[in-house]
Amino acid sequence: MTVRLSEGAIESLTKGVEVSNPVLQCVNIRKIDGGNGLSRFRLMMSDGLHTMSSFMLSTQLNPMAEQNQLASNCVCMLKRSVTNVLKDGRRVVVILDMEVLKSADQMPGKIGDPTPYVEGQSKAQQSTAPAPTVRPLQPQNGSDGSMNRPPAQSFGKKPMAAPNTPGGSSKVVPIAGLNPYQSKWTVRARVTNKSSIRTWSNSRGDGKLFSMELVDESGEIRATGFNHEVDKFYSLIEQGKVYYISKGTLKIANKQFSSLKNDYEMTLNGETSIIPCEDSHDVPMVQCDFISIADLESREKETIVDVIGVCKNTEDVTRITTKNSREVSKRNVQLMDMSGRVIQLTMWGNDAETFDGSGQPILAIKGARLSDFGGRSLSTLYSSTVMINPDIPEAYKLRGWYDKEGHAMDGQSMTELRGPGGGGNTNWKTLAEVKNEHLGHGDKADYFSCIATIVYIRKENCLYQACPSKDCNKKVVDQQNGMYRCEKCDKEFPDFKYRLMLSANIADFGDNQWVTCFQDSAEILLGQNSSYLGQLKDSNEAAFDEVFQHANFNTFVFRNRVKLETYNDESRIKVTVVDAKPVDHREYSKRLIINIRKLAAQ
Ligand SMILES: [Zn+2]
């Protein structure tokens with residue numbers, strides 16, 4: 001089959017006339033520096049009559065050039081393109097989508113004898129040449145015989161006038177076609193992420209800004225508004241909604257803070273208009289380029305990535321103080337995907353506070369930062385979008401996999417977890433190991449978890465009378481006049497509250513250990529609250545004893561703090577229960593099986 005080029009298409013493209021799927025031959029391809037370390041490809045194309053070198057490949061098509069699918073002499077069909085007029089009047093055709101019809105090695109060489117196209121000097125069309133599928137935007141009326149009138153075939157989204165925009169004449173262009181050389185444009189895009197307002201203050205003054213991420217079917221871009229534009233647009237913009245946005249300043253994107261696939265980013269300016277778009281179902285939702293968790297191992301740190309996983313484990317939210325003494329909330333979760341690998345993700349601020357990990361939801365993060373903390377871990381950024389159980393195929397696929405088989409897998413963690421209290425970082429020890437390994441003998445206390453059974457609880461002195469004011473648990477002194485004095489509050493009260501401080505002996509298969517339990521863990525061990533126990537002690541000693549008898553031989557997961565303490569020149573190990581929980585036998589059995597396998601492998 002011979003290939004026909006769409007003769008006349010280059011002239012039409014440069015005149016901004018719509019051309020449907022023109023077939024062109026690549027004459028030359030050149031890599032240029034797109035700024036900011038990015039490569040762009042510039043192509044000279046031929047339609048058989050003319051050549052023109054002002055074709056630019058949109059960056060999402062770069063792989064076609066890098067993998068040599070696009071090379072001199074290959075023949076391609078332009079499926080989607082946009083013609084931009086530069087400030088000096090030159091035109092650039094940005095190719096958004098194309099298909100190689102004949103590869104370079106299938107072509108003997110150049111087709112025809114094209115000459116460089118010069119505007120206004122079009123070659124007379126040879127009568128033998130096939131009619132190009134070219135159509136002016138405003139066809140003349142009644143000229144049926146016009147050879148420029150093709151059958152009504154069109155491809156992809158046609159540009160259309162944006163209704164109700166102040167610059168109503170500007171066409172809706174695809175986001176992928178935006179560039180700094182164009183000033184009149186409108187995009188129709190969904191806001192997939194809207195930041196909160198951030199303020200800054202420095203020697204040059206202060207100000208505020210917000211940013212949002214915009215998506216249409218061609219691509220995505222980040223837009224930022226400052227000061228006046230914050231006042232003007234912030235309250236108008238709703239995440240998830242679609243807007244017509246016209247006129248903004250485009251500049252090279254700072255890739256350090258964004259995973260968006262666009263070389264440019266947009267700044268809203270005094271001329272920008274943003275108008276809600278009602279008919280928006282065809283505009284896509286968030287665009288994510290998910291990377292398998294296993295593949296994160298080989299990625300460079302500080303890379304911004306999109307990740308989706310099952311939230312296998314959720315830690316409690318904590319508050320930390322940053323270097324510039326700001327308090328922020330933080331929460332770690334463990335994410336697993338079908339690669340069977342697990343990675344720790346740290347969420348911050350509101351995302352951390354509001355996250356509910358119950359039911360092991362699917363978590364998708366657009367624009368998380370990969371770090372090498374603890375091997376490999378992820379962290380959300382100010383610009384990240386956190387989506388819980390998002391309505392996307394990847395999420396349903398993952399859910400199905402996890403419910404069917406994934407839940408039974410332990411998953412291999414890429415994050416080496418440390419410190420007390422973390423979800424996956426439990427420092428399991430037997431009581432014999434605690435002694436043999438001299439836990440607590442260092443400068444700092446050690447923490448360990450164990451599964452142990454209560455063998456004895458001392459009921460003597462387990463309750464004390466404490467200050468009734470909130471958050472003060474200081475022991476009060478009975479003034480023997482109906483009043484109780486708290487030294488800490490320096491006050492006398494007509495009442496007190498009972499608090500628990502238990503001494504318990506716990507044992508596992510190899511050893512036993514005396515531990516101290518305070519209020520919360522003591523109530524869990526005894527199965528009763530302290531004020532009820534206080535009443536019983538004073539009113540029904542038999543029932544009080546019963547509670548202690550009943551508590552014996554129950555088994556718990558204990559998390560403990562251990563530290564060598566010295567009283568009167570005598571050092572001894574003190575173990576304090578941080579918390580006690582019922583045994584999750586499924587989890588416990590899984591851990592035993594892993595341990596057995598490890599032993600068997602040795
Ligand atoms: Zn007090």
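This is a predicted model: local features need pLDDT of at least 70, side-chain atom pairs count only at pLDDT 80 or more; totals for chains, interfaces and linings use all residues.
**Reading helices, a zinc site and strands**

Mentor: Let's begin with helices H8 and H9, which are oblique to each other. Residues are numbered from 1 along each chain as its sequence is written, and side-chain values use heavy atoms, without hydrogens and water.

Trainee: At what angle do the axes of H8 and H9 cross?

Mentor: At roughly 135°, with the axes of H8 (residues 530-539) and H9 (residues 541-551) coming within 6 Å. Axes are lines fitted to C-alpha atoms, for helices over the stretch in contact, with angles from 0 to 180 degrees between N-to-C directions. Helices (H or I, at least four residues) and strands (E, at least two) are DSSP runs, numbered from the N terminus. Leu533, Leu536, Lys537 and Ser539 of H8 meet Glu541, Ala543, Phe544 and Val547 of H9, contact being heavy atoms within 4.5 Å.

Trainee: Which residues are the protein donors of the zinc ion?

Mentor: Donors are N, O and S atoms within 2.8 Å of the metal (3.2 Å for Na, K and Ca); water is not among the atoms, so sites may look incomplete. Here the SG atoms of Cys467, Cys472, Cys486 and Cys489 lie 2.3 Å from the zinc ion. Cys467 sits in the loop between strand S26 (463-466) and S27, and Cys486 in strand S28, so this pair ties together parts 19 residues apart in sequence. Both Cys467 and Cys486 are buried, where buried means under 20% relative accessible area, exposed over 50% and partly exposed in between (1.4 Å probe, protein chains only).

Trainee: In what order do strands S27, S28 and S29 lie in their sheet?

Mentor: Strands of a sheet pair through backbone hydrogen bonds, either parallel or antiparallel. This open sheet of three strands has the order S27-S28-S29, with antiparallel pairing. S27 (477-478) and S29 (491-493) are at the edges with a single partner strand each, so one side of each has no neighbour in the sheet. Two bridges join S27 to S28 (residues 484-486); strands pair if DSSP finds at least two bridges between them. Val477 has Arg485 of S28 as its bridge partner.

Trainee: Is Glu278 buried or exposed?

Mentor: Glu278 is exposed, with a relative accessible area of 72%. You'll find Glu278 in the loop between strand S16 (273-276) and strand S17 (304-314).

Definitions and conventions:
Angles under 35 degrees count as roughly parallel, over 145 as roughly antiparallel, 65 to 115 as roughly perpendicular and the rest as oblique.
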